[in-house]
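Please consult the sequence and the structure while going through the numbered points.

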Amino acid sequence: MPEPVLSPAGVKAVDARLEKAGLLDLAMEEAGRAGADAVQQFFPVGRVLLLAGGGANGGDALVAARHLHALGRGVTVLALPGKHPLTRLNRRRLKAAGVPVQALTVAALRRSLRNSQVVVDGLLGTGFTPPLRPALQELVALVNGLVNGSGRPVVALDLPTGLDARVSSVAGEPVHATVTVTFSGLKPALVYGPAAHHAGQVILADLRLPPGWALSEALALRPTSAELAALLPVRFADAHKGTAGNVWVIGGHPGTVGAAALAGWAALRTGAGLVTVHPEAQVPLVTPELMIRQHPSLLEALKDTPAAKRPDALCVGMGLGPHAVQVARQVLTWRLPTVLDADALHPELAGHGHTHCLWTPHPGEAARLLGTSTTDVTRDPIQAARALQERLGGVIVLKGGPSTIATPDGIFVSRGGHPGMASAGMGDTLSGILAALLAQGLRTEQAALAGVTLHARAGELAGAQHGYGLIATDLISQLGSAWETLKHPTSPTAAAWSEGVLMNGSRNELD
Ligand SMILES: NC(=O)C1=CN([C@@H]2O[C@H](COP(=O)(O)OP(=O)(O)OC[C@H]3O[C@@H](n4cnc5c(N)ncnc54)[C@H](OP(=O)(O)O)[C@@H]3O)[C@@H](O)[C@H]2O)[C@@H](O)CC1
Ligand SMILES: Nc1ncnc2c1ncn2[C@@H]1O[C@H](COP(=O)(O)OP(=O)(O)O)[C@@H](O)[C@H]1O
């Protein structure tokens, strides 16, 4: 199964539920053990300095110290006064095991940092409320300056000190971790940048709690690889272009025709049988299979299109220019499966959508739709996606690395892809993919889940070849292989993909 991402509200709720169920002592023991295991696995040599705060996060560090000591590792433990009863209990357990605990002061930290090869950050976890108080700021700056400056690793427990677990933004200077061992679920701050840039490699520890106990606090755990394989359509041998899905791309204006061409090309490579681009400017012949219909007036031509001549799915807005709102409003009256992107992502269209609409904003477009700032959207993409879904209806794909998908039934976080996808035209490509899936019969939510994953997978395959030089046409040329890896997860292509992903350090969200 994909790893659960806790909702912003769920982050603190899991701690409260553990406490209420009387499971916190057991969970803290497992959390500390998992922290010690990570230190042993990743950094098996040298003295370990463990920093413990006063809350339960500090308790985890004290447990980790006991386990490391039992394994024969040299440990130095610096702790703030224990405020949580279990933290105080684990301090006594640690002392009983023969490990001294010293007061955490700036002087003690300076001294101990010099003699340690690995640092464990158990100062603050999910109980942190920003901003970091000055005394803690000084300690964090010392850890970052001395430890990271000399290349020594930091293992953060649950999340690096100074990150607000619920949001992706960063205030002040958090600990820069090399590895983060997190508990019960991934926190939004460990998934979305810039906060996630401070976490290093993130490991979700198994706390040996009852299976799925925290899932009620998590965002939707889909799609699984089995679900994706089932979603991608299968054709009968007698399929023909008229049954394989008819897509219209309505986009392209002088200077931005490439956007529409990319969407059309991607739709073809995602299996659509017929793809026609309706631009407001001459579109270059990117591929002879793409039909191009330029009209004296695009809007009038659309108004005059009878129901029988309309396609199976539409993709509207990429590079469409100043008439995008009028054009989108016109085709929305058709109530066909419709992907809205770029210039068609306009607040004036709120109230004109329907359940078959798939809105695909990047954070800047999302901010325009919500009447807020891009910073507000990227600070809490989960909340922004939910707000967009409530305002616009249909399904929202709030694009990024990761993308957040909001449906009437829940929120999904799609974490695949490759950083080389930070390149112009990738969103146009996604729109074409989504429209092709809609035209082949997938429902709006299904098309969003499958299309975003297909796009990300093609990006991973193309990224393995082109790295940061990846461009949208490279991704399009990998759509066939990406489809193959998703449709047949045990095929040789899928095996080669997993190998490539491991080599490139991309993340596999599927089971
Ligand atoms: N979920 C799970 O599965 C499990 C969860 N577990 C663990 O529980 C952790 C949550 O524990 P928690 O609630 O005790 O909070 P925690 O992060 O230790 O912080 C509290 C301390 O922070 C301080 N403080 C706050 N703001 C501050 C500021 N701005 N600047 C400075 N200080 C500030 C605050 O001080 P106070 O306000 O009381 O003066 C208090 O001392 C969680 O992250 C995970 O590690 C595991 O044990 C078991 C499995
Ligand atoms: N680092 C990344 N990791 C994964 N996906 C990414 C990354 N950067 C961009 N993408 C994807 O590329 C697409 C970019 O969309 P957008 O900004 O609308 O591009 P454009 O407008 O140039 O077509 C989105 O689908 C986004 O999820």
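1. The model discussed here is predicted. By this rule Arg208 is exposed, because 12 other C-beta atoms lie within 10 Å. The phi angle of Arg208 is near 55 degrees, a positive value in a residue other than glycine. Arg208 is placed in the loop between β7 (201-205) and α8 (225-231).

2. Ser184 also deserves attention: its phi is near 70 degrees, which is positive although the residue is not glycine. Is Ser184 buried or exposed? Ser184 counts as buried, because it has 26 C-beta neighbours inside 10 Å. Its place is in the loop between β6 (179-183) and α7 (188-191).

3. Why are such angles and bonds worth noting? Most residues other than glycine have a negative phi, and most peptide bonds are trans. A cis peptide bond joins Pro130 and Pro131, with omega about 0 degrees. Pro131 is found in the loop between β4 (118-122) and α6 (134-149).

4. Another cis peptide bond connects Gly401 and Pro402, and here omega is about 5 degrees. Pro402 lies in the loop that runs between β14 (395-398) and β15 (403-407). Gly401 is also listed with Lys399, Gly417, Met426 and Gly427 as the residues that come nearest to ligand 2.

5. The shell around ligand 2 holds 17 residues. Which helix gives the largest share of this shell? Helix α15 (residues 426-439) does, with four residues. By class, the shell around ligand 2 contains six nonpolar, nine polar and two charged residues.

6. Around ligand 1 there are 32 residues, of which Gly55, Ala56, Asn57, Gly125 and Gly127 come nearest. The elements that contribute two or more residues to this shell are α1 (8-20), α2 (24-42) and α3 (56-70). The largest share, five residues, comes from α3. Sorted by class, the shell around ligand 1 has 15 nonpolar, 12 polar and five charged residues.

7. When the structure is inspected, two places may be visited in turn. At the loop between β14 and β15, Pro402 may be located, together with the cis bond that joins it to Gly401. At ligand 1, the reader may then look for α3, the source of the largest share of the shell.

Key
Residues are numbered from 1 along each chain as its sequence is written. Chains are lettered from A and ligands numbered from 1 in the order in which they are written. This is a predicted model: local features need pLDDT of at least 70, side-chain atom pairs count only at pLDDT 80 or more; totals for chains, interfaces and linings use all residues. A residue is buried if 20 or more other C-beta atoms lie within 10 Å of its own, exposed if 12 or fewer, and partly exposed in between; C-beta atoms are placed from the backbone. A residue is near a molecule or strand if its C-beta atom, placed from the backbone, lies within 6 Å of it. Ala, Val, Leu, Ile, Met, Phe, Trp, Tyr, Cys and Pro count as nonpolar, Asp, Glu, Lys and Arg as charged, and the others, Gly among them, as polar.
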